Amino acid sequence: MSFPPRSEYLSAVWADGIFANRVLFITGGAGSIGSAQTRAFVRLGGNACIIGRNVQKTEAAAKEIAKIRDGARVLGLGGVDVRSFDALKAAADRCVKELGSIDFVIAGAAGNFIAPISGLSPNAFKAVIEIDTIGTFNTIKATIPYLIESASQNPNPNSSGTTGGRFLSVSATFHYTGMPLQAHVSAAKAAIDSLMGSVALEYGPYGITANSVAPGGIEGTEGMERLASSAISREDQTKSVPSGRWGSLRDIADATVFLFSDAGNYVNGTTLVVDGAAWRRQGGA
Ligand code: HXC
């Protein structure tokens, strides 16, 4: 297996090959955060199955990510809406048929738009709850039998000590304080965090972990583009982050690799906030 040189998408601290012989199943894997997570996983030896609604975008992302490492296998399954359990189940089965297993799962598919409650129709609120919360539930439900199988091999981790059987959802920090114009997303992500806690309790005894990563403002994402177009100046927005900078896709990739690596195997039922402490100033201070 030969690896291209490490670049800005992943920090240098992770050993090559830690995800060898492991498979990642990720919804929303063609989005900016999902692609960064998948790229890191594949770069470190794993194969991946990317699920998305848009066929062209999903297949193109899979092709691009596969280039990161010689011999990488990245399957792009487009036309799958996470609101359909049956579609997700078929995608999970196909992933196992083609790549051999599902060892890691990221529920990353999300819907978002900026709107006040007065501008949210009941159907708009419901759409986001269905994509984010129910989509996360469907993803867990469709893949849990495969994760149980993967985790049962825990006594025999690969040569890097990496064990399978890990869930990760992509959350947010809005619900810690409440967030104007994001009532729908805030409610959806609160439910996701709660769901991951229950998964950790029910499936911890199987050797499975279930956590969330909660990104703050991350440069190079759709969310940041929307924020950047708001009335508040870029400089004032940056000043509001205690760490003095916005996050990068690499920050999220590194957090994901930590949680999936042998170093993260006792972290369970929690949320790793990657936001430079920004949420502590949400709504003032
Ligand atoms: C108010 C809106 C709206 C808007 C859509 N709706 N956009 N309401 N303001 N800007 C309403 C519609 O009018 C409709 O209600 C309902 O939402 C459902 O819309 P549909 O288009 O029929 O649904 P669907 O095709 O399923 O689209 C779902 C979606 C869409 C969430 C609305 O935006 C989407 O698919 N997004 C996926 C990609 C995405 O947003 N990714 C963002 C990830 S970034 P009615 O009543 O008319 O039927 C992220 C972090 C961002 O999550 C952080 C930003 C600060």
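Reader: Where does Asn 21 lie?

Author: Asn 21 belongs to the segment before strand 1, which covers residues 23–27. The model under discussion is predicted.

Reader: What makes the phi of Asn 21 worth noting?

Author: The phi of Asn 21 is near 65 degrees, which is a positive value in a residue other than glycine.

Reader: Why is Asn 21 called partly exposed?

Author: Asn 21 has 16 other C-beta atoms within 10 Å. A buried residue needs 20 or more, and an exposed one has 12 or fewer. The count for Asn 21 lies in between, and therefore the residue is partly exposed.

Reader: Why is Phe 25 called buried?

Author: Phe 25 has 29 C-beta neighbours inside 10 Å. The threshold is 20 or more, and therefore Phe 25 counts as buried. This residue is in strand 1. Leaving aside neighbours within four places in sequence, Phe 25 is in contact with Cys 49, Ala 92, Cys 95, Ile 102, Val 105 and Thr 143.

Reader: What makes Phe 25 stand out in the largest nonpolar core?

Author: This core has 76 residues, and Phe 25 is among those that touch the most other members, together with Ala 48, Cys 49, Ile 50, Cys 95 and Phe 167. Helix 4 (residues 122–151) supplies the largest share of the core, namely eight residues. In soluble globular proteins, nonpolar side chains tend to be buried together.

Reader: Which residues does Cys 49 touch, not counting residues up to four places away in sequence?

Author: Cys 49 touches Val 23, Phe 25, Leu 75, Leu 77, Cys 95 and Leu 99.

Reader: Why is helix 1 described as largely enclosed?

Author: Eleven of its twelve residues are buried, so the rest of the structure largely encloses helix 1. The buried residues include Ile 33, Ala 36, Phe 41 and Val 42, but also Gln 37, Arg 39 and Arg 43. From first to last C-alpha, helix 1 reaches 16 Å, close to the 16 Å expected at 1.5 Å a residue. Gly 45, whose phi is positive and near 110 degrees, follows this helix.

Reader: What makes helix 9 mostly covered, and what covers its buried residues?

Author: Nine of the twelve residues of helix 9 are buried, including Leu 249, Ile 252, Val 257 and Phe 260. The cover includes helix 1 (32–43), strand 4 (104–107), strand 5 (166–170), strand 6 (209–215) and strand 7 (271–274).

Reader: How do you know the class of Arg 83?

Author: Arg 83 has 16 C-beta neighbours inside 10 Å, between the cut-offs of 12 and 20, and therefore counts as partly exposed. Arg 83 is in the loop between strand 3 (74–77) and helix 3 (85–99). Leaving aside neighbours within four places in sequence, its contacts are Glu 130, Ile 131, Ile 134 and Gly 135.

Reader: Which element gives the most residues to the shell around the ligand?

Author: Helix 4 gives the most, with five residues. The ligand is surrounded by 17 residues, of which the closest are Gly 111, Phe 113, Ser 121, Ala 124 and Gly 223. Helix 4 and helix 7 (222–228) are the elements that give two or more residues to this shell. By class, the shell holds nine nonpolar, six polar and two charged residues.

Reader: What confidence scores accompany the model?

Author: The model scores ipTM 0.94 and pTM 0.95. The protein averages a pLDDT of 92, and 91% of the residues score at least 70.

Notes
Residues numbered from 1 in each chain as written. Predicted model: local features only at pLDDT ≥ 70, side-chain atom pairs only at ≥ 80, totals over all residues. Core = buried A, V, L, I, M, F, W, Y, C linked by C-beta atoms within 7 Å. Helix = DSSP H or I, 4+ residues; strand = E, 2+ residues; numbered from the N terminus. Contact = placed C-beta atoms within 7 Å. Near = placed C-beta within 6 Å. Nonpolar A, V, L, I, M, F, W, Y, C, P; charged D, E, K, R; others polar. pLDDT = per-residue confidence, 0-100. Expected span 1.5 Å × (residues − 1).
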